Amino acid sequence: MATQASRSAARLMISPTVILLFLWMAIPLGTTIYYSLQRYQLLYPDRSGFVGLRNYTRFVLSPGFGGAVANTLILVLGVLIVTVVLGILIALLIDRPIWGQGPVRILVISPFFIMPPVSALIWKNMFFNPSNGLFAEAAKYVGMAPYDFLGQAPLASIIFIVSWEWLPFATLILLTALQSLDGEQLEAAEMDGAPPLSRFWYIMLPHMSRAITVVVLIQTIFLLGVFGEILVTTNGGPGTASTTLPFLIYKEALLDFDAGTAAAGGVVAVILANIVAIFLMKAIGKNLD
Amino acid sequence: MARVVTPAQKSINTAAAWVVALIIFFPILWTFLTSFKPEEVAVASPPVFVGFDWTMQNYHDVIAQRGYGSYFWNSVVISVGSTVLGMIIAIPAAWAMAFVHGKRTKDLLMWMLSTKMMPAAGVLVPIYLMGKSLGLIDTRFMLMIVLMLMNLPIIVWMLYTYFREIPGDILEAARMDGANLMSEILYVLTPMAIPGIASTLLLNVILAWNESFWTLNLTTFQAAPLTKFIAGFSSPQGLFYGKLSAASVMAIVPIMVIGWFSQKQLVRGLTFGAVK
């Protein structure tokens, strides 16, 4: 049904989006690469000039870099593991016949709609606070010493907070996938004497694989950029214990005013994200056809 | 599932599911309760759950002293503005891709999604400096544009998956009846597309409302939305739990209610139709 005329009309309709997205990628990326090769201090804009790869070596060799890359990967992987595993378990729980499935879904999905600074501050102050947070109160109640979560285990605490934000998303998607599973297949397996664990392993899990792929892809896109939670809880600390790559770049650019080094960091972040992206796109391309 | 369960089994399942759901929801409930507590009750040890003199004082203080209104308005303008702008650009594109199949459609969609992989931190410096030289830092206009571009791939993808489900035969039937392109779009397709457009709109308003990289880094005061407002409560003001809670409740409730109503579409929308 596509005629020559409708094809060119279609091209016309698509082109604004493509052009805008192309510019949105190309201009900032080009500028970032340009700045990354320049000496560019925001406080002394006149002292500029080509410095080759010196910004890169400064950024990559800076004491915080290795840790920041590791922290970023630990954060992303940690949250993915927690949300997918718990998401599967909770989806299995809610999928069984229960009273009030609607309200339960509403309660479970709610944290997803909370803006990151709010959830981070609620957890930081009202739960993690070692002097009067609820966890400290609970510890006192059972006679244990309160634990300083954000001070002693900053990255784990942030993984906890971010997992709380994303668990609803994973649960809801996995639940939806589970609900589309043909009940008769499970019944047949049950009658043939398949124990619950192998019903899960051989029927439910394969059925959910597509949904799991989607959860991993979409969460990774958002998790690589986690920022607000770190800013309001630990500010990257103590020391650099919870500094991720985005946070390190933010520090260079807006706190140390070193645009050149921050730009080099940006290029490094783009390269790392693309390595992750290539793997993911391959996986999702296979799973979504 | 058609399996038969005994009432006893169902009761146990129900209890377990509700316990898990309440644990997940508890921080929100606790924040809601705390927002009505006088400050000294909010930090009381041991904690008080409901047996206190409920007060609106925290809400009053947050609105009167912290200028909640202007932050709220900025959030509304930025999230709705960026989404509407994105829809205007994305609807024709998604439309064309859904109804005029080209060989490249899938590649094009994948490419659009891949632009989302570019970490915001990677382009913070040029965007910030560009905004600065154009005098656009701390303006709602700039945030609208940036968030629009950021969400554009998601908007296109979501619309595409909705549009694709509109049967193409109906177009041919309309054409046979002598409808031209304009009336085809206006009278045949638009009514069928409205549910998809509406849920795309809602979900992207939610995403834009909660976006907290650009909104925190590109604003100071004038254009600052609720994310910035809340971030201002990180220490030491955050230790006023009552006010922090009241501010949090006011920042999340409008969008959470929208979210509850659109949760059915959320799965389809955010998984680009891959999970239904």
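A residue counts as buried when its relative accessible area is under 20%, as exposed when that value is over 50%, and as partly exposed in between. The exercises below apply this to a predicted model.

**Exercise 1. Classify Asp61(B) by its relative accessible area, and find which salt-bridge network it belongs to.**

Step 1. Asp61(B) has a relative accessible area of 10%, so it is buried.

Step 2. The side chain of Asp61(B) meets that of Lys243(B) in a salt bridge, with N and O 3.8 Å apart. Because Asp61(B) lies in helix α3 of chain B and Lys243(B) in helix α12 of chain B, the pair ties together parts that are 182 residues apart in sequence.

Step 3. Lys243(B) also forms a salt bridge with Glu39(B), at 3.3 Å from N to O; here helix α12 of chain B is linked to helix α2 of chain B, the two residues being 204 residues apart.

Step 4. Glu39(B), at 19% relative accessibility, counts as buried, and so does Lys243(B), at 14%.

Step 5. Through shared partners, the salt bridges join Glu39(B), Asp61(B) and Lys243(B) into one network.

**Exercise 2. Determine which residues of helix α3 of chain B are buried, and what covers them.**

Step 1. In this helix, which spans residues 57-66, the buried residues are Asn58(B), Tyr59(B), Asp61(B) and Val62(B). They lie on the same side of α3(B), because they cover an arc of only 165 degrees around the axis.

Step 2. The face turned away from that buried side carries the exposed residues His60(B) and Ala64(B).

Step 3. The cover over the buried residues includes α1, α2, α4, α11 and α12 of chain B.

Step 4. After the helix comes Gly67(B), with a positive phi near 65 degrees.

**Exercise 3. Describe the salt bridge between Asp258(A) and Arg58(A), and the exposure of each partner.**

Step 1. The closest N and O atoms of the pair are 3.1 Å apart. Asp258(A) sits in the loop between α12 and α13 of chain A, whereas Arg58(A) is in helix α2 of chain A, 200 residues apart.

Step 2. Asp258(A), with a relative accessible area of 8%, is buried, while Arg58(A), with 42%, is partly exposed.

**Exercise 4. Characterise the interface between chain B and chain A by its area and its polar interactions.**

Step 1. The area buried between the two chains is about 9,200 Å², and carbon and sulfur atoms give 79% of it.

Step 2. Zero salt bridges are counted between chain B and chain A, although eleven residue pairs are in polar contact.

Step 3. On the side of chain B that touches chain A, α1(B) gives the most, with 19 residues; that side divides into 79 nonpolar, 23 polar and eight charged residues.

Technical notes: Residues are numbered from 1 along each chain as its sequence is written. Chains are lettered from A and ligands numbered from 1 in the order in which they are written. This is a predicted model: local features need pLDDT of at least 70, side-chain atom pairs count only at pLDDT 80 or more; totals for chains, interfaces and linings use all residues. Side-chain values use heavy atoms; hydrogens and water are left out. Buried means under 20% relative accessible area, exposed over 50%, partly exposed in between (1.4 Å probe, protein chains only). Helices (H or I, at least four residues) and strands (E, at least two) are DSSP runs, numbered from the N terminus. The arc is that of the directions from the helix axis to the C-beta atoms. Contact means heavy atoms within 4.5 Å. Buried area is the accessible area (1.4 Å probe) that two parts lose on being put together, summed over both. A salt bridge is a side-chain nitrogen of Lys or Arg within 4 Å of a carboxyl oxygen of Asp or Glu. A polar contact is a pair of N or O atoms within 3.5 Å; within protein, one must be able to donate a hydrogen and the other to accept it, and residues adjacent in sequence count only if both atoms are side-chain atoms. Ala, Val, Leu, Ile, Met, Phe, Trp, Tyr, Cys and Pro count as nonpolar, Asp, Glu, Lys and Arg as charged, and the others, Gly among them, as polar.
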